[in-house]
Amino acid sequence: MRLRDTVTPFPARVAPGDAAANQAARGDALPRNPGMPLDLGFLDSMRAVNRSALERRAATLTKRRSIKGDNQAAWLLRSIALMDLTTLNSNDTDDRVRRLCAKALNPLRADLARALGVADARIRPAAVCVYHPFVATAVEALKGSGVHVAAVSTAFPHGLAPLSTRLAEIAASVADGADEIDVVIPRGLVHEARWPELYEEIRAMREACGEAHLKVILGTGDLATTRNVTLASMVAMMAGADFIKTSTGKESVNATLPVGLAMVRAIRAYFEATGFLIGFKPAGGISTAKVSLDWLVLIKEELGRRWLEPDLFRFGASSLLTDIERQLEHHVSGRYSAAHRHAMA
Amino acid sequence: MNILDRYHAMDYGPAPEARAEADAWLAAQDFSRALFIGGKFVAAADAKTFDTADPASGKRLATLSEAGAADVDAAVAAAKRALPGWSAASGYARAKVLYAVGRAMQRHARLFAVLETLDNGKPIRESRDIDVPLAIRHFIHHAGWAQALDREFPGAKPAGVVGQIIPWNFPLLMLAWKIAPALAAGCTVVLKPAEYTPLTAVLFADICRRAGVPKGVVNILPGGPEAGAALVRHSGVRKIAFTGSSEVGRIIRRETAGSGKKLSLELGGKSAFIVFDDADLDSAVEGLVDGIWFNQGQVCCAGSRLLVQESVAEAFIDKVKRRMTKLVLGDPLDKNTDIGPLVDRTQFERVESLVAEGASEGALCWQPDMALPSAGFFFPPTLALGVSPANVLAREEVFGPVLAAMTFRDTEEAVQLANNTRYGLAASVWSENVNLTLHVAPQLKAGVVWVNGTNMFDAACGFGGFRESGFGREGGREGMLEYLDRPLPYGAAIRPAAPVEQPAELAEAAIDRTPKLFIGGRQARPDSGYSYAVLDRKGRLAGEAGLGNRKDIREAVSAARAAKGWTEATAFNRAQVLYYLAENLSARADEFASRLASLTGASGRAAEAEVELSIERLFLYAGMADKFEGRAHQPPMRAVTLALNEPVGVIGIVCPDDSPLLGLVSLLAPALAMGNSVVAVPSPRWPLPATDLYQVFETSDLPAGAVNIVTGKAAELAAVLAKHDDVDGLWVVADAATCAAAEAQSAGNLKRVWTTNGRTLDWTAESAAGETFLARAVEVKNVWVPYGD
C-alpha cells in the first residue's frame, strides 16, 4: 500500500491572524492565475460530483459552526470588507451610482464604527459593481479610496452578443477605469459541452482585461447540474479567471450553498494541480447577515482562512449591507434596529 | 481580544448552548424516585441508587434509584395489567397516544437535546439536529402503523409484554426505536436505559404521563446489569429487544433459549466504507466524517473500515487527513464542537488500548495535531493506515473515532474485503456509477447499505444486521413484525426420541435398497459407517438409514455454501425448479403414499392427502418464489430506500416425525423458494420419504448442494448445525430440549433460529404455510439510494 503519511499543506500555510494574510491587498502577495492549456483529461477527472452529498454537506455545514457575540460582529465586519456593493438595474443613473459609492466609502454609521472599535480600520466594501455606463462615475467617486470598480460585461446577463462586441465592451470598461471585470459565459456552451470554445472565449476576455481582474460568472442557475457547474468552473480557471462567480442575480435560481460548494471544491482542485489560488464570488440573493455568515463558514471550512480576504472572496450584494448594519447596531445597543436608521445606498 | 483583533483572526470562538433549563430540570427532579412503574415515579424496592455523570467534566449529574429484580417484577406486572386494555384499544386510540407523545417530545425538543449531550457527551449539534428529531419522527411515523395494523398485518397479534434494553450511545433515539413500534403493535413495555445515560429516559417517562399514555403501558427502569438480567429472565416477558454489544447479545441469546420469547438483537459492527475510483472523493470524505467521526465513533454502524481503490488511495487519504485537521474537539455543549468526549473512562481505555494494539500489529496511526481539553475522556480522531485484514483494528469493533484504512484493486476484491468480517451491520458504497453501486450493494453482507452516503436513518426504513451484528429489524414495516405474532397451529408436545427397538422381521422381501445421505447432489454413505433401523407401523424393518454424524453435517454445509447454481439463480428459475419438483413428486405420488402408509400407519386416504398437500405446498412456494418481494421505503429526503428480501443463506432444517413428507416439504420449500440452500435432517423415525425424495430432486434440475439430506439422530445433528458458524439459519421442530439447546448453541455466530419450542405443528393447516415461513427465509436489506443530479 502506498499511502503517504503527511498532509500536503493547503494552501501554503498561513497562520490564523497572520498579518500578511490580513493585509493581503489584491495585487501584492498573490500571483495572478496565468491559466493553463485546456486539459480535457483533468476536466474529465472532475466529473464526479454528487449533488445529494453536496446538499447534505451544505445543510450540515452551517449547523456545525456558530459564531456568537464579538466574533459575530467581527465576522459581519468581514462580510462588509468582502462585499462588491452592487447596483445592476435597468433604471440606474449616475446619481444613483454616486450614492452607492458614497455608501461604499462610509458603510457604517460613525457611532457604530466607534462603538465597535473600528473607526480607523477603514473597513468598507472591496468594490462597487455597476454596468458599463456608470464605470467612469464610480471611478471618479471612489478615487483614492482603494475601493475597486467592477463592471459587469460581455452582454451581461445573458452573454449572447457577438464575441467581438463582448470583447469591445470589456475594453471600454477598462478604458473607463474599471479594474475588475465581471463577465458572463454563454451558458449554451456548457450544455453543448463545447469546452474548447468556452475556453477560448474566456481566454480572449482575460486578454481584453489586461491588468484588470477577471471574474467569470457561470450563471449556475442556468447550468442544470452541479457537474456542469464544476466543469464550467474548471474551464474558466484553466482559461485564466481570477475569480469564479456563481450568478448574475438575474437567473431564477441564485447562489446556493451546494452550488458554491461545488465551485470551491473546483477551486481547491485547481490549486492542488497548479498552485494558484482562485477567488470565489457568490452573488444573487445574499441579503441577510446570517446568510453571509453561512458563506464565510463554507469558505473557512472548505478552503481555509486565507480565502477570507478580498483578493480571494467577494459577495455580490445590494441589500446585504443594510441588514449587516442592523445586526451590528443590535450588537452594540442590544436593541433590534430598523433599516431606516442606517443611511441607504 | 477586541473586535478588530477578531476581525483579523476570523476564529469561531465559543458558542455554548445554554444549559440553565436543563439544570433547572435536573434540580427539580426527585431522582430518588426515578423508576417509572405503572404510571408513577417510585423508588427502588431496595433503595439502591447509582450516579450518572457528564463525560465532558466527569461531574455527577444525578443520583438515580437503581432498579433491581423486585422492581422488574413490579414493572412487568404493571405492563401485564396494562396489556389487555392497550392491545384491545383501537388502532386509532393507540395512534392518538403515539402522536401525542411525538408532539410532546417536539415541544420539549431542546431540553431533550441538552440533557442528552450532558449525559452522553455527544455534540449538541448531533443531539439537536439528529437524535431528537429522529426520535420524534419515530413516534409520529409509528402512530400511523398503530392505526394501519389490522389492515396491514391481518391476523397478527401483539407479542405481549416486551422487555427492552438499550445502549448509551443514542439513549433517546434507541428508546424511540424500541418503544414506538411496540406501542403501535399493541404491546406494553418495560424498558431499561443504559446505566451511563438514564436522563432522557426519565424525561420521556414524564412526557408519557403528560401525553396520556395509559398507566403501565410504558415502564422505565433506570438501572444496571442486574435489572437487565432480571428483565431478560422474567417469565412474564414475551419478547426481548436488545441493542448493545455482541457479547451481551450472546448472553441474552443463551438466557432466552427455550423460553419461547421472541428476540431481536442489534449488536456490534465493523462496517465497510468503500470508495471506488469514480466516486465524488470530496463528498466521500464528508461521508467518513458522518460515518466514523459521528458521536465520537460510538456508533454500531460506524463506517470504521475504509476500503479505497488503489488508484485514488493516496489522493483520498490526503483529503481525509486534511479534513481531520478541521475537526473541532471540545465541549459537547458548544455548537462548534464536532467531537465530544467518549462516554466513560472504560470506553476511553478500551479505545486507547485497541489503537495501541493495532499499531503494534503494524498499523500506522495518524492523528491531527490538536489540543485536547484537560478534563473529560477526549480521544482525538485517528486514522490507521496500512491496516491488514488480520489487524485488530480491521476485525474488532473499536467504538471510538478510529478509522482503519485499506486499499483494494477491483470490485471483486472490495466485496471480499468488505465481507471479510464476522459482523454485517452496514456498509457505504461510493461511486458515481449507479451500475456499480447497485451491483455491489446486493453482494454486501450487511443489513443496511448506503449508496453515496452514510449513517442515514429513518423511521420508515428497516435497520438491523446480518451475521453476528444480530437479527431483527427496527423501523419500517419489517420493524413492526418484531412486535407481532402470527399464530401458528401448534399441537402436542414432542417427546424426545426413544431408542429404536429391534425389528422382529423384514417388512417385505424385495431387492435390497440402501437409503443414503444426499450431499452436494450426490448420494453418500454416512461417514460413521453405521446405519440404524427404520421400523414400519408393525415394528418390522422398513429399511436401514445412514447414521449421519458431525462430519456429514460439515460436508453438507460446505456443499450448501457452494450451491451457487441455486443461490444465484433467478427467482423465476427457482420457481420453475420447484414446479418441476411438484410435477415429479406427483408422478410418483402412489409410491410415496404407500411408503407413508406403511411406515406411519396412516390410512391410505390420509397418506394420499399428505402427498397431495406436499405437492400443493411445492406449488405454493414455487409461485411465491418471484412474488415475496421487497419494498421501496420513502424516507423524508430525496432518496429511495430499497428493502430487499435476500436469502438468509445456508439454513439447517430439523424435521419432526409427524407428517414425515409434508413436514419436510413445508419447511424445505419456502427456504428454497427464497434462494437459500438447505441442510435437512429429516424425521429421525421415518427418514425414508426423505431419502426417496432425493431421487425426485435428481430428476428435477435442482442444482447440486441446494438441498442436502443427513439422516440420523435429530438432537445430535441439530446441535452440530447450531454450533456450525457457517450456518446462517436454523429451523428446528423437535422436542423442547433439542429446541432449547439449538437456541442456546446458536449464540456462537448468532444465526437466525426458529423453533416450535418442543411442539408439533399441524402441517395440514393453512396457517402452516405462506408468508410467515417466507419471511423467515429472508433477511431484509435496506439499500439507501439518494439521488439527484
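**Chain A, then chain B**

Modeller: Of the 345 residues in chain A, 55% are buried; this figure, like those that follow, comes from a predicted model. The chain contains 14 helices and eight strands. Its C-alpha atoms occupy a box of roughly 55 × 55 × 35 Å along the principal axes. A compact globule of 345 residues would have a radius of gyration near 20 Å, so the 19 Å of chain A agrees with that expectation.

Chain B can be approached through its domains. The assignment divides chain B into domain 1 (20-267), domain 2 (272-464) and domain 3 (491-776). Between domain 2 and domain 3 of chain B, the C-alpha centres are 42 Å apart. Five residues of domain 2 of chain B and eight residues of domain 3 of chain B take part in the contact. On the side of domain 2 of chain B that touches domain 3 of chain B, three residues are nonpolar, one is polar and one is charged.

Helix α9 of chain B spans residues 225-233, and its buried residues are A227(B), G228(B), A230(B), L231(B) and V232(B). Among the elements of chain B that cover these buried residues are the helices α3 (69-88) and α10 (246-256). The cover also includes the strands β6 (161-165), β7 (188-192) and β9 (239-243) of chain B.

Key: Residues numbered from 1 in each chain as written. Chains lettered and ligands numbered in written order. Predicted model: local features only at pLDDT ≥ 70, side-chain atom pairs only at ≥ 80, totals over all residues. Buried ≥ 20, exposed ≤ 12 C-beta atoms within 10 Å, placed from the backbone. Helix = DSSP H or I, 4+ residues; strand = E, 2+ residues; numbered from the N terminus. Contact = placed C-beta atoms within 7 Å. Rg over C-alpha atoms; globule rule 2.2 N^0.38 Å. Domains from an automatic or database assignment. Nonpolar A, V, L, I, M, F, W, Y, C, P; charged D, E, K, R; others polar.
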